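Here is a friendly note to read alongside the model. Please keep the structure open and find each residue as we come to it.

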Amino acid sequence: MNLNERSAYNPSRPSSYESPQVKSHTRRPHRKTKTGCLVCKRRKIKCDESRPECSNCIKHSLSCEFAPPKTSILSSSGYLAANGPNDLNLVDLELFHHFCTSTAFTINLDPTMCRLWSNTIPILGLRHDFVMHSILALGALHIAHLNLEKRDIFTGQAMMHHKAGLAKATPALMEFAEENASAMYLFSALTCLYTYATLRQTDESVLGGKPGVAEWIVLSRQSFSIVRMADETLQTGPLGPMFKAGERRSRLRDQVSYDTFSGAKCLRRLSALITENTPDPRTEEAYRTAIEDLLKIFNVVFAMPMEMRESSDVFGWPFRLTDGYLELLQQPTQEALVILAYFSVLPELLGSKWWLEGFGRHLFSKIYPLINDEHLAWIQWPLDQLGWSPDEAKHPRCSYGTPTNAGS
C-alpha cells in the first residue's frame with residue numbers, strides 16, 4: 001500500500017474536524033439546601049438536615065450545629081415574608097399575637113381605642129415594616145414585664161426590633177410624605193411608649209443626646225410635630241378614631257373645675273416667684289406657659305377617678321412644650337428643672353400602666369441631684385406626693401417665700 005492509499009479518506013474514522021466521543025463524567029443533579037448543618041457546609045457535603053443531629057455528624061462522631069433561624073423580614077409588598085418555603089419565625093409570631101391579644105388592651109381604656117390598637121394598628125404594621133418592628137418591640141417588652149424568667153430574652157428581642165424599626169423609619173421621616181402620615185405618626189407613638197417603658201434603664205432621663213434634652217421629651221414633641229404637619233390627613237385616615245377620642249378628652253378637660261387639687265396653690269406660687277425673679281420677658285413667658293399647661297393637666301387628672309385617667313391627658317404636656325422652655329431645660333436652669341419635677345408626679349397618678357411603672361419616681365430621682373440648695377424648697381410638693389424622701393431631702397429651706405409657703 002502506497003502513502004497515497006494510506007492517507008485516503010476513510011469515513012469510518014473520525015476526521016480531525018469532528019470531536020471524539022469522550023465519555024462524560026458530569027455530577028448527578030441534586031437539590032441544594034441552605035438549611036443544612038454548619039459542619040456539612042464546611043465539609044461541602046450534602047446534609048440530610050436531621051435534628052438535633054444529622055446522619056453525617058453521627059456517623060463521623062462530630063458535634064452537629066445548625067445556624068439560628070433568621071429574623072423575619074417584610075417583603076416589598078409590606079407583608080411578612082418567610083426565609084424559605086417552609087420557614088416561619090415563631091418568636092415574631094408570638095410577639096405579634098401577644099400584642100394583638102394583650103398589649104393592645106393595656107394602652108387605652110376606651111373600647112373604641114382598644115379595637116383600634118388590637119385591629120387597625122396591626123394591619124398598618126403589616127403594610128409598613130418599621131411599624132411592624134415597633135409593634136413587635138412593644139409586645140416583647142410587655143412579655144418581659146409579665147414573665148420574669150424570660151425577661152432578658154424578650155428585652156433583647158424588644159431592643160433588636162426597636163433598633164430595626166428606627167433604622168427603617170429614619171429615611172422615611174427625613175422625606176416625610178402625607179400619604180404615609182398615619183404610619184409615621186403611629187411609629188412615633190409606639191416609639192414613645194417603648195421609650196417611656198425603658199426610661200428606668202437610662203441615666204439620660206432629664207438631659208442627654210444630641211439636642212441636650214432627654215429622648216422621651218424629644219420623641220414626644222416629634223409626634224406632635226407630625227400632627228401639625230398632617231392634621232387633616234390623620235383625622236381622615238385609619239387613625240381617625242384616635243384623634244376623635246382626643247377631641248372628646250379635650251372637651252372633657254374644658255368642663256373640669258380648676259385649682260381644686262392640693263398642689264394648685266404651690267404651682268401658682270411657683271409661677272409668681274419665677275415671674276418676680278425673671279427679668280427677660282421671653283424667658284418668663286416660656287416658664288409661665290409650661291406651668292399654665294401643667295396646671296390644666298393636674299386639674300383634669302385630679303378631677304377624674306383613677307379608672308378614667310388616660311396617659312394622653314398627662315403626656316400632652318411634653319407634646320406641647322415650647323422651644324423656649326426646651327432651651328432653658330438644655331442649660332439647665334433651676335426653674336426649668338423645678339417645673340419638670342412637678343410633671344414627674346403626673347405619671348404616678350395614672351395607676352396600673354405597665355409601661356409607666358416607676359416612670360415619675362425615676363424621673364424625679366434624676367432631677368433631684370441637679371437642684372441646688374437654694375431651690376430645694378421649690379420641689380417640696382412633688383417630693384411629698386411621690387413619697388420620695390432620701391436623707392438629702394432634709395436640707396435647710398431657703399429663707400425667702402417658696403411655693404410650699406403658699407399652702408399644701
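1. Let us begin with glutamate 310. This glutamate counts as buried because its relative accessible area is 5%, where buried means under 20% relative accessible area, exposed over 50% and partly exposed in between (1.4 Å probe, protein chains only). Glutamate 310 sits in the loop between helix 13 and helix 14; helices here are DSSP runs (H or I, at least four residues), numbered from the N terminus. Leaving out residues up to four places away in sequence, glutamate 310 touches Ile107, Asn108, Leu109, Asp110, Arg249, Leu350 and Lys353, a contact being heavy atoms within 4.5 Å.

2. A word on how to read this. The model is predicted: local features need pLDDT of at least 70 and side-chain atom pairs count only at pLDDT 80 or more, while totals for chains, interfaces and linings use all residues. Residues are numbered from 1 along each chain as its sequence is written, and side-chain values use heavy atoms, with hydrogens and water left out.

3. Arg249, one of the contacts of glutamate 310, is also among the buried residues of helix 11, together with Gly240, Met242, Phe243, Ala245 and Arg253. Their cover includes helix 5, helix 8, helix 9 (215-229), helix 10 (231-236), helix 13 (281-303) and helix 14 (311-314).

4. How do helix 4 (residues 90-101) and helix 5 (residues 111-127) meet, and at what angle do they cross? Their axes come within 8 Å and cross at roughly 145°; axes are lines fitted to C-alpha atoms over the stretch in contact, and angles run from 0 to 180 degrees between N-to-C directions. Helix 4 brings Phe96, Phe99 and Cys100 to the contact, and helix 5 brings Trp117, Ser118, Ile121, Pro122 and Leu126.

5. Trp117 turns up again in the largest nonpolar core, which has 105 residues. Such a core is a set of buried Ala, Val, Leu, Ile, Met, Phe, Trp, Tyr and Cys residues joined through side-chain atoms within 4.5 Å. Trp117, Trp216, Trp317, Tyr325, Ile339, Leu340 and Phe343 touch the most other members. Helix 8 (residues 181-197) gives the most to this core, with 13 residues. A second, separate core of eight residues includes Cys37, Cys40, Cys47 and Cys54.

6. Cysteine 64 is buried, at 14% relative accessibility, and cysteine 114 is buried at 11%.

Conventions. Helices (H or I, at least four residues) and strands (E, at least two) are DSSP runs, numbered from the N terminus.
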